[in-house]
Amino acid sequence: MSTSSFPPPPPFYKLYKNYKEDDPNSAPLPPPPIKGTYTCFGATYTTDDVLPSLEEQGVRQLYPKGNIDFKKELKSLNGELMLHILELTDILIQRPSQFARRVEDISTVFKNMHHLLNLMRPHQARATVVRILDMQIQRRKESVEDIKRRRAEARRITNEALAALRGH
């Protein structure tokens, strides 16, 4: 019995395309993209790219609704987080059995900070694309300048060679 590194495909592959005529249109079209919700491994997912609000996730929102000053709110939440961590250390020293509420408060602050950072992701993506495009423009300008410089150098060398040939 011999083995092959690349065994032949199973015989049913012929059911999906007409290989005798080598017609590229004979293969079936792929299924259309899924829209809405779908289930994968028992979990339900959605194809909408919408960040759910904290209320939809069952988390108390600690920053005001509406127009958000991200820098100010993140600094505020960071200060609140440090305060909760200090309170947690005090509680762990004095009353270790009552730490669960402080851990929940810390978790809420972390979730709020994470949500604020996720709200900034579209802006970050746009800024990244703008930066990449600026870098591409700069590289292309540098390439054009390099080509112009090399063309001028080649012209100078050919003119010198032509003058040397005429001089003899």
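Close-up 1. Asp105 and Arg102 are both buried (under 20% relative accessible area, with exposed meaning over 50% and partly exposed in between, for a 1.4 Å probe and protein chains only). In this predicted model, local features need pLDDT of at least 70 and side-chain atom pairs count only at pLDDT 80 or more, while totals for chains, interfaces and linings use all residues. Residues are numbered from 1 along each chain as its sequence is written, and side-chain values use heavy atoms, with hydrogens and water left out. The two side chains meet in a salt bridge of 3.3 Å, N to O, the term standing for a side-chain nitrogen of Lys or Arg within 4 Å of a carboxyl oxygen of Asp or Glu. Both residues lie in helix H2, 3 residues apart, or about one turn of the helix, helices being DSSP runs (H or I) of at least four residues, numbered from the N terminus.

**Close-up 2. The network of Glu87, Arg102 and Asp105.** Salt bridges link Glu87, Arg102 and Asp105 in a network, in which the side chains of Arg102 and Glu87 meet at 3.1 Å, N to O. Because Arg102 lies in helix H2 and Glu87 in helix H1, this pair ties together parts that are 15 residues apart in sequence. Glu87 counts as partly exposed, at 25% relative accessibility, whereas Arg102, at 15%, counts as buried.

**Close-up 3. Asp146 and Arg150 in helix H3.** The side chains of Asp146 and Arg150 meet in a salt bridge of 3.0 Å, N to O, and the two residues are 4 apart in helix H3 (residues 121-167), about one helical turn. Asp146 is partly exposed at 23% relative accessibility, and Arg150 is exposed at 54%.
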